[in-house]
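Here are my notes on the model you sent over.

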Amino acid sequence: GTTYHVSVYTYNGTAGSGNENYLTTSAPTASFTAQIPTFYSVAGQTNPNATSSWNSETNGTGSAPADFTSNALRLIIQNGHSMTTSSAWTFGTSANSELRISTGATLTATSAITINNAASIFRIDSAGTYNHNNNTTASSTIFNGLESFHAASNFNLNNWSSNTASLTGGVGPLPYGNLTINWTTNIVTGK
């Protein structure tokens, strides 16, 4: 989370007398860390677009997020869970949001997933798998924020926007981890 340092001061002097002193050079007297709410994929729920597919507790006994765009939040697809988009999905409008595919988890994007803030993170852990299976421009959707791909993560490219669109456009820093390219549309053959 983000750490904030704060000071609370009392007012001294008489209001309107010109002797008020609101400023000080004293160091902050307290600090607190703002935590980003974390939600986990719910067992048996396969649609990441639905808030009901996420819960504040790993066992599903907590609460779901109100939405995906109002505030910073962290979404973690748990080990053994597999999710597939049912329609275009916007996530991470607030800075420091994170979409994370854990070890042993899979996310398939049959529709665009848009990371909607340059300071939000798309993360794939070791042995986590992302299947890109849509033809939207990745640099303005899934790669519109920050990427963090473990060297042993899996990125399967089953569809892409065009044969001239860069695989690295918007991705930083590289590498992808294990990159598998397996698409047959938008291919230029022989000349």
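**Loops and their contacts**

1. Let's begin with Gly-104. Setting aside neighbours within four places in sequence, Gly-104 is in contact with Asn-79, Gly-80, His-81, Ser-126, Ala-127 and Gly-128. Keep in mind throughout that this is a predicted model.

2. Where does Gly-104 lie? Gly-104 belongs to the loop that runs between strand 8 (98–101) and strand 9 (106–109). With a relative accessibility of 33%, Gly-104 falls in the partly exposed class, because that class covers what lies between under 20% for buried and over 50% for exposed.

3. There's also a distance to look at here. From Gly-104 to Thr-129 it is 7.4 Å, C-alpha to C-alpha, while the two are 25 residues apart in sequence.

4. Ala-127 sits in the loop between strand 11 (121–124) and strand 12 (129–132), and its relative accessible area of 35% makes it partly exposed. Its phi is positive, about 65°, even though Ala-127 is not a glycine. For context, most residues other than glycine have a negative phi.

5. Asn-96 is another non-glycine residue with a positive phi, in this case about 70°. You'll find Asn-96 in the loop between strand 7 (89–91) and strand 8. Asn-96 is partly exposed, at 41% relative accessible area.

6. Now for Ser-153: buried or exposed? Ser-153 is buried, with a relative accessible area of 0%, and its place is in the loop between strand 13 (146–149) and strand 14 (154–157). A polar atom of the Ser-153 side chain lies 2.7 Å from the backbone oxygen of His-150.

7. What does Ser-153 touch, leaving aside neighbours within four places in sequence? Its contacts are Ile-124, Asp-125, Ser-126, Ala-127, Gly-128, Tyr-176, Gly-177 and Asn-178.

8. Finally, the chain as a whole. The secondary structure comes to 15 strands and zero helices. Of its 191 residues, 36% count as buried. The chain exposes about 9900 Å², with carbon and sulfur atoms supplying 49% of that. Among contacts between residues at least 6 apart in sequence, 61% join residues at least 24 apart.

Definitions and conventions. Residues numbered from 1 in each chain as written. Predicted model: local features only at pLDDT ≥ 70, side-chain atom pairs only at ≥ 80, totals over all residues. Heavy atoms only, no water. Helix = DSSP H or I, 4+ residues; strand = E, 2+ residues; numbered from the N terminus. Buried < 20%, exposed > 50% of the residue type's maximum accessible area, 1.4 Å probe, protein only. Polar contact = N/O pair within 3.5 Å; in protein donor to acceptor, adjacent residues only side chain to side chain. Contact = heavy atoms within 4.5 Å. Areas by Shrake-Rupley, 256 points an atom, 1.4 Å probe, with all protein chains shown as cover.
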